[in-house]
Amino acid sequence: MRSPTRLLLIAATLLLPLVLGAQSLDLTIDNTGLSIGDSRFVRGIRLNYRDWRMERVDGINATIWTPYDPAKGEVNGLALGLPATGARKISGAGIGLFGVGATESFTGLGFGAFGIGAGGDVEGIVIGGFGAGAGGNVKGLSVGGFGVGAGGNVTGISIGGFGAGAGGDVKGLTVGGFGAGAGGDVTGITIGGFGAGAGGNMTGFSAGVFGVGAGGNVTGITIGGFGAGAGGNVKGLTLAVVGAGAGHDITGITLAGVGAGAGHTLRGFAVGGVGVGAPNIRGIVIGGAAGGEDVRGGVIAPVYFKVVDDGEVHGVTLSAFNHVKGDQFGLSLGLFNYARDVHGMQIGVLNYAGNNRKGLRLLPIFNRDWR
């Protein structure tokens, strides 16, 4: 058994080069083996307090703290931080009790109790206790206790306790406790505790407790607790407790507790508890009140239905008051039916057809074009 004195002598011999000012103690053959200190290139195991000269490690690079700025080297293998580590590039795995960072890119499996990220791209499976992100793109599975984000695009599965998003596009499954979204397009399954949105288009399944929206188009299944809408078009199945709308067209099935409307055309089946409206309607709409300029299909509006000046309606309308200030083609059913020009039939308590001659304009029960 070796005596304590002999062990101290061996340790002193090994550490003497560091004491004398050498950058590292290299127990290597052709750069392969064990290196202690700030060596430049090692295949094997490299142990250091904080990196400055390191250019490349193929194997394990274990440090106590993150590298001096700017980080110069790359690790191909395992970057181990006790408690933190980093490099210019990390390929393989990165584990840090506090965190792991790469100034350029990170590829592989990464875990940081506080956070993990890269100034460039992150690709693989990364889990950050507080957050995970990249200045560039994120691809793969990313989990952040508070958030996950990227300055570029996010592709894959992203889960953030508070939020998940990207300055560019998001593709895949994205879940944010409070919100999820992108400055560009969102494609896939997007769930935001409060809201989900996109500066561009949103395609797929999107849900937000408060709302879902996009500056461009929304396509797919959209569920907004209070509202759902788009600056452009909405296509697919849209559900909203309060309102659903689009700056241009709505196409598909739209169900809104209060109201649904489009800036241009509403196509398909739409229900609004209080009202439904669009300049152009193509399909079946149901709402407490409804209106448009060019309406073709079926309308059920228990309280009020209106066609604006010089507009027209083709189809069947059912309302207490059918108020057509243009041309009516088809059938109007209501308590009071009014049309400037009738080219179909009116059935109700009172029926007014403005294009008939005097004496035939206002009739009970039934009216039509008698000319």
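Tutor: Buried means under 20% relative accessible area and exposed means over 50%, with partly exposed in between (1.4 Å probe, protein chains only). The structure above is a predicted model, where local features need pLDDT of at least 70 and side-chain atom pairs count only at pLDDT 80 or more, while totals for chains, interfaces and linings use all residues. Residues are numbered from 1 along each chain as its sequence is written, and side-chain values use heavy atoms, leaving out hydrogens and water.

Student: Thanks! How many residues does the largest nonpolar core have?

Tutor: A nonpolar core is a set of buried Ala, Val, Leu, Ile, Met, Phe, Trp, Tyr and Cys residues joined through side-chain atoms within 4.5 Å. In the largest one, Phe106, Leu266, Val285 and Phe305 have the most contacts inside the core. Its number of residues is 52.

Student: Which residues does Asp294 touch, not counting residues up to four places away in sequence?

Tutor: Asp294 belongs to strand β27, and it counts as buried because its relative accessibility is 15%. Contact here means heavy atoms within 4.5 Å. On that basis, Asp294 touches Pro279, Asn280, Ile281, Arg282 and Glu312.

Student: Now for charges. How far apart are the closest N and O atoms of Arg46 and Asp51?

Tutor: A salt bridge is a side-chain nitrogen of Lys or Arg within 4 Å of a carboxyl oxygen of Asp or Glu, and the structure holds 16 of them. Arg46 is buried at 0% relative accessible area, and Asp51 is buried at 4%. The two form a salt bridge, with the closest N and O atoms apart by 2.6 Å.

Student: How many residues apart in sequence are the parts that Glu74 and Arg88 tie together?

Tutor: These two form a salt bridge, with closest N and O atoms 3.5 Å apart. Glu74 lies in strand β5 (residues 74-81) and Arg88 in strand β6 (residues 84-96). The pair therefore ties together parts whose separation in residues is 14.

Student: Let's turn to rings. What is the angle between the planes of Tyr338 and Tyr352?

Tutor: Rings of Phe, Tyr and Trp (its six-membered ring) pair if their centres lie within 6.5 Å; planes under 30 degrees apart count as stacked, over 60 as edge-to-face and the rest as tilted. Tyr338 lies in strand β29 (residues 321-342) and Tyr352 in strand β30 (residues 345-353), so the pair ties together parts that are 14 residues apart in sequence. These rings are stacked at 4.9 Å centre to centre, and the angle between their planes is 5°.

Student: Which ring does the charged end of Arg50 sit over?

Tutor: A charge sits over a ring if NZ of Lys or CZ of Arg is within 6 Å of the ring centre and within 35 degrees of the ring normal. Lys72 lies over the face of Trp52, 3.6 Å from the ring centre. For Arg50, the distance to the ring centre is 4.2 Å, and the ring belongs to Tyr68.

Student: What is omega of the cis peptide bond that joins Leu82 and Pro83?

Tutor: Pro83 lies in the loop between β5 and β6. Another cis peptide bond joins Asp69 and Pro70, with omega about 0°. For Leu82 and Pro83, omega is about 20°.

Student: Last one: is Asp310 buried or exposed?

Tutor: Asp310 lies in strand β28 (residues 304-319), and its phi is positive, near 65°, although this residue is not glycine. Because its relative accessibility is 59%, Asp310 counts as exposed.

How values were computed: Helices (H or I, at least four residues) and strands (E, at least two) are DSSP runs, numbered from the N terminus.
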